[in-house]
Amino acid sequence: MHMTTGEVAKLCNVTVRTVQYYDKKGIVSPSNTSENNRRLYTEADVNELRLVLTLKDMNFSLKEIKELINSNQSINTLNVLLSEKLIELEDEIQQQAEQVEQIKFVRENISKESEYPVSNVLNLNNKIKKHQAMKTFRRKFMGISLVVGAFQYSSIIMSIMKKKWKPIILIYPFIFIYAVLASKKYYSVVRYLCPNCQNEFKPLFVEWFKSNHTYQTRKLACPHCGAESYCIETHE
């Protein structure tokens, strides 16, 4: 059974131009031609094209595919190449994930009202690692705070149940000391990025302590541009 270029393209769910391209590159060429010089493909040719398309889907280059097909190597050779390809793809995925994080970080640090030049993005250069470091610190900090909080509330519940207030009186000085030390520690490692001018700064402790805040931001006045906005935390 012989098939034309159009029939092969339809069977393999690709365009006629794709089939012609592989033919031109000498990757998959038809085994026969008709009397009027039409390209005719056999079942074996179609299977070879399917193999090429499968390898292409696995990110092999046409050069690699041509060498693999022409060399008549065993499927174990393909397995080795697939292992190498997997490492390449995982590296690419990691790089793309880092690019996504960088894009998100830059977008978060540019307010809609900002009219500064594009060159201000340089102020954010290499800040992503500090931002990630702050995320790590924040997770650890919140974990410890949750443990302390659980200890505090369990002491209150036990005191109420037993109608004894001495445990609360004893525990609260330690809770207060922890709160003071925790606040100082947090303040010592944190800095902020202004979404208006993209400059980094550290507010005064009093301003920092009194300001409204969310999980990752604080409403602060930037000392560089004077704009008051919710600024994203970054690590020292």
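Reply: Let us start with a single side chain, keeping in mind that this is a predicted model. Tyrosine 186 has a relative accessible area of 8%, and because buried means under 20%, tyrosine 186 counts as buried.

Me: Why is the pair of tyrosine 186 and tryptophan 208 called stacked?

Reply: Planes under 30 degrees apart count as stacked. The planes of tyrosine 186 and tryptophan 208 stand at 25°, with the ring centres 6.3 Å apart, so this pair is stacked. Because tyrosine 186 lies in helix H7 and tryptophan 208 in helix H8 (residues 205-210), the pair ties together parts that are 22 residues apart in sequence. Tryptophan 208 is buried too, at 3% relative accessibility. Both residues belong to one aromatic cluster, formed by Phe137, Phe141, Tyr186, Tyr187, Phe205, Trp208 and Phe209.

Me: Which residue has its charged end over the ring of phenylalanine 60?

Reply: That residue is lysine 85, whose charged end sits 5.0 Å from the centre of the ring of phenylalanine 60. Elsewhere, arginine 138 lies over the face of tyrosine 215, at 5.2 Å from the ring centre.

Me: How should I read a helix, and which residues of H3 are buried?

Reply: An α-helix has 3.6 residues a turn, so residues three or four places apart point the same way. In H3, the buried residues are Asp45, Val46, Leu49, Val52, Leu53 and Leu55. They pack against helix H1 (5-11), helix H2 (16-24), strand S2 (39-40), helix H4 (62-71) and helix H5 (75-108). H3 itself (residues 43-57) has 15 residues and reaches 21 Å from its first C-alpha to its last, close to the 21 Å expected at 1.5 Å a residue.

Me: Is asparagine 13, with its positive phi, buried or exposed?

Reply: Asparagine 13, whose phi is near 60°, is found in the loop between H1 and H2, and with a relative accessible area of 71% it is exposed. Glutamine 198 also has a positive phi, near 65°, but glutamine 198 is buried, with a relative accessible area of 3%.

How values were computed:
Residues numbered from 1 in each chain as written. Predicted model: local features only at pLDDT ≥ 70, side-chain atom pairs only at ≥ 80, totals over all residues. Heavy atoms only, no water. Helix = DSSP H or I, 4+ residues; strand = E, 2+ residues; numbered from the N terminus. Expected span 1.5 Å × (residues − 1). Buried < 20%, exposed > 50% of the residue type's maximum accessible area, 1.4 Å probe, protein only. Contact = heavy atoms within 4.5 Å. Phe/Tyr/Trp six-rings, centres within 6.5 Å; stacked < 30°, edge-to-face > 60°. Lys NZ or Arg CZ within 6 Å of the ring centre and 35° of its normal.
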